[in-house]
Amino acid sequence: MLRIALISDTHGDLVADLLPYLQEVDEIWHAGDIGSLKVIDALEALKPCRFVYGNIDDAMVRRTVPLVQIFVIGGIKFCITHIAGRPGKVTADVKKLIEKEKPNVFICGHSHIALVQFDAKADLLWLNPGACGIKGFHKIRTFFRFSISDGKCCQLEVVEL
């Protein structure tokens with residue numbers, strides 16, 4: 001079983017109350033708006049990580065991490081990008097990406113609103129962990145933890161900070 005912390009929208013701030021939760025996972029995935037190379041370095045010092053850049057990320061971050069990550073773990077195909085919309089209201093680029101790649105799990109950030117929804121039309125699980133940084137319009141800081149086991153995502157937790 002692999003335990004994942006799924007975070008987004010740190011906007012350059014890795015707040016101390018998040019760190020104990022990150023110690024309890026095997027990997028950290030960041031769905032964009034990282035905010036600085038400092039955040040990337042700090043997270044990589046903790047655990048293996050996967051990142052995508054977001055709309056606020058500067059040229060240094062964009063040269064370091066990709067816009068989209070597509071990978072398979074435990075028989076599950078994941079696709080991560082930052083800006084996507086939401087199920088039923090996706091951007092044109094994301095619609096093409098989903099149709100081409102056919103992920104089992106699609107992950108994005110940007111909205112600062114936590115969302116877990118099965119998209120029956122695209123036949124995928126849509127995850128947006130909300131925002132765990134302190135900058136933005138959100139009132140509650142959130143992130144997700146989940147496990148990958150026996151070809152399934154399970155034990156999903158929405159953590160409010």
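**Exercise 1. Describe where Arg-86 sits, and say whether Arg-86 is buried, partly exposed or exposed.**

Solution. Arg-86 is found in strand β6 (residues 85-86), where strands are DSSP runs of E with at least two residues, numbered from the N terminus. The model is predicted, so local features need pLDDT of at least 70 and side-chain atom pairs count only at pLDDT 80 or more, whereas totals for chains, interfaces and linings use all residues. Residues are numbered from 1 along each chain as its sequence is written, and side-chain values use heavy atoms, with hydrogens and water left out. The relative accessible area of Arg-86 is 46%, and because buried means under 20%, exposed over 50% and partly exposed in between (1.4 Å probe, protein chains only), Arg-86 is partly exposed.

**Exercise 2. Identify the contacts of Arg-86 beyond its neighbours within four places in sequence.**

Solution. With those neighbours set aside, Arg-86 is in contact with Leu-115 and Trp-126, contact meaning heavy atoms within 4.5 Å. Gln-117 is 31 residues from Arg-86 in sequence, and their C-alpha atoms are 9.1 Å apart in space.

**Exercise 3. Work out which strands stand at the edges of the open sheet of 5 strands.**

Solution. The order is β3-β2-β1-β11-β12, with mixed pairing; two strands pair if DSSP finds at least two bridges between them. β3 (49-51) and β12 (152-160) each have a single partner strand, so one side of each is left without a neighbour in the sheet, and these two stand at the edges. Within the order, β1 (residues 2-7) and β11 (residues 142-149) run antiparallel and are joined by 5 bridges, and Arg-3 stands opposite Ser-147 in β11.

How values were computed. Helices (H or I, at least four residues) and strands (E, at least two) are DSSP runs, numbered from the N terminus.
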